[in-house]
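Student: I am new to this structure and would like to go through it step by step. Could you take my questions in turn?

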Amino acid sequence: MCVLIHGASGVGTERLSEMEGESITLNTDVERKQQEDIRWYYTLVNDILIAEITGDQSKICTDVQCTERFKDRLKLDHQTGSLTIKGTRPTDSGVYKLKLNSSRSSTKIFIVTVHSFFSVDTNEESAFVMEGDSVILHTDAETKQQEKIRWYFNGTRIAQITGDLSNICTDVQCNEGTERFRDRLKLDHQTGSLTITNTRNTDTGVYQLRIIISSNISTKGFILAVYDFPVVEVDEIKRKSVKEGESVTLDTHVIKSPNDLMMWYFIDTPIAEITGDQSKICTDDQCEERFRDRLKLDHQTGSLTITNITNTHSGEYKLQINSSRISIRRSFSVSVSIKSFGVNVTAVPDSGVSSGAVAGICAAVLLVVAAAAAVIYYRHRKSTQAGQDGVTWQNNPDERNGVEVSIPLSNKFSTDPC
């Protein structure tokens with residue numbers, strides 16, 4: 001069984017499931033070209049190179065760890081680069097990566113689950129997450145005093161609860177060396193569920209839960225694939241900067257499963273949710289007032305769009321995806337800037353005049369224009385008044401201020417010394 005999950009940012013993902021002993025083919029879905037390099041990796045503690053094609057040359061299991069695990073069970077298709085695993089075993093479960101290097105590099109991730117005929121629980125859960133997300137692996141149980149709960153990562157014990165006591169990273173391999181999970185694991189003492197915060201690409205792998213009650217042991221499997229997007233791309237996805245009046249979309253970069261519950265929060269206030277075919281937006285009064293008619297949900301991916309955004313929508317948004325036994329939490333930051341308008345006064349290039357001087361000149365010109373307007377208005381008023389009184393006016397140039405001043409003819413030719 002193969003399920004295509006999504007393709008985002010040059011990364012495609014698939015889930016494959018098969019019974020022990022059968023063959024599984026990881027398809028590239030391309031026709032390989034001569035100049036392309038194809039490399040296959042299996043992620044355990046680190047990425048192990050298990051097969052590659054370069055030009056006409058091909059290699060299988062170049063790593064000792066690979067030889068021990070996949071000896072004589074891998075087959076490459078030289079036309080497409082697809083990889084087949086023959087005689088599968090439960091230990092083949094995990095995350096496989098295809099890296100295709102040509103004019104444009106691309107990556108494809110496969111989560112492979114191989115079920116054992118004798119397995120207590122063959123329904124392994126799997127999830128794709130982005131670096132920085134938090135993941136909760138649920139036990140679906142209430143712990144009791146006599147129970148023991150143990151968590152393993154790729155065969156190494158990383159956490160346990162025994163009665164009232166709990167330990168995280170009790171093994172040397174967990175504590176030292178890479179210090180893989182330092183301060184990033186949390187145990188729920190009521191249920192035994194495990195939370196991994198601030199996930200990293202190195203957290204990719206197989207997690208196993210063992211619940212021991214008396215002599216009975218039950219197990220559950222989880223496979224986690226953490227995308228190692230470049231930091232720039234993660235910033236583009238999780239941090240949005242927009243202007244007032246624009247729209248912004250917070251992408252989940254997943255294809256929603258029918259039984260998934262998706263919840264969106266703004267500063268811890270629920271604003272939208274999708275459950276199966278049903279969706280709700282703004283059931284809270286405070287939310288309705290802030291986001292009225294502005295939210296839209298993509299029912300296939302759960303992505304959230306905010307239209308006609310304002311400064312009051314700046315802040316932290318949280319997405320929680322709950323499946324049957326895995327929860328994913330992701331945070332987004334939205335920053336809304338206010339549109340501003342301004343007028344700049346600049347000096348003529350190379351004039352040597354500062355912008356302050358230009359502003360002063362502009363002010364002086366405006367004053368001169370205002371004074372001229374006042375004189376014109378005064379002349380017009382005097383002229384109108386003189387016409388009404390029967391007085392004749394004659395213009396006489398007066399050079400004192402460069403403005404013609406009109407005086408009555410009777411005054412011009414008067415002999416009165418006063």
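**Aromatic pairs, ring faces and a sheet**

Student: How many aromatic pairs does the structure hold?
Tutor: This is a predicted model, in which local features need pLDDT of at least 70, side-chain atom pairs count only at pLDDT 80 or more, and totals for chains, interfaces and linings use all residues. Residues are numbered from 1 along each chain as its sequence is written, and side-chain values use heavy atoms, with hydrogens and water left out. Rings of Phe, Tyr and Trp (its six-membered ring) pair if their centres lie within 6.5 Å, and planes under 30 degrees apart count as stacked, over 60 as edge-to-face and the rest as tilted. The number of aromatic pairs in the structure is 12.

Student: Why is the pair of Trp-40 and Phe-110 called tilted, and what is the angle between the planes?
Tutor: The ring centres of Trp-40 and Phe-110 are 5.6 Å apart. The pair counts as tilted because its planes stand at 40°.

Student: How many residues apart in sequence are the parts that Trp-40 and Phe-110 tie together?
Tutor: Strands are DSSP runs (E, at least two residues), numbered from the N terminus. Trp-40 belongs to strand β4 (residues 37–43) and Phe-110 to strand β10 (residues 106–115), so the parts joined by this pair are separated in sequence by 70 residues.

Student: Is Trp-40 buried or exposed?
Tutor: Buried means under 20% relative accessible area, exposed over 50%, and partly exposed in between, with a 1.4 Å probe and protein chains only. Trp-40 has 0% relative accessibility, so Trp-40 counts as buried.

Student: Which strands hold Trp-264 and Phe-332?
Tutor: Trp-264 and Phe-332 form a tilted aromatic pair, with 5.4 Å from centre to centre and 45° between the planes. Because the pair ties together parts that are 68 residues apart in sequence, each residue has its own strand: Trp-264 lies in β22 (residues 261–266) and Phe-332 in β28 (residues 326–337).

Student: Which residue lies over the face of Tyr-152?
Tutor: A charge sits over a ring if NZ of Lys or CZ of Arg is within 6 Å of the ring centre and within 35 degrees of the ring normal. At 5.0 Å from the ring centre of Tyr-152, the residue over its face is Arg-210.

Student: In β26, which residue is the bridge partner of Thr-249?
Tutor: Two strands pair if DSSP finds at least two bridges between them. β21 and strand β26 (residues 304–306) pair in the antiparallel sense over three bridges. In β26, the bridge partner of Thr-249 is Thr-305.

Technical notes: Helix = DSSP H or I, 4+ residues; strand = E, 2+ residues; numbered from the N terminus.
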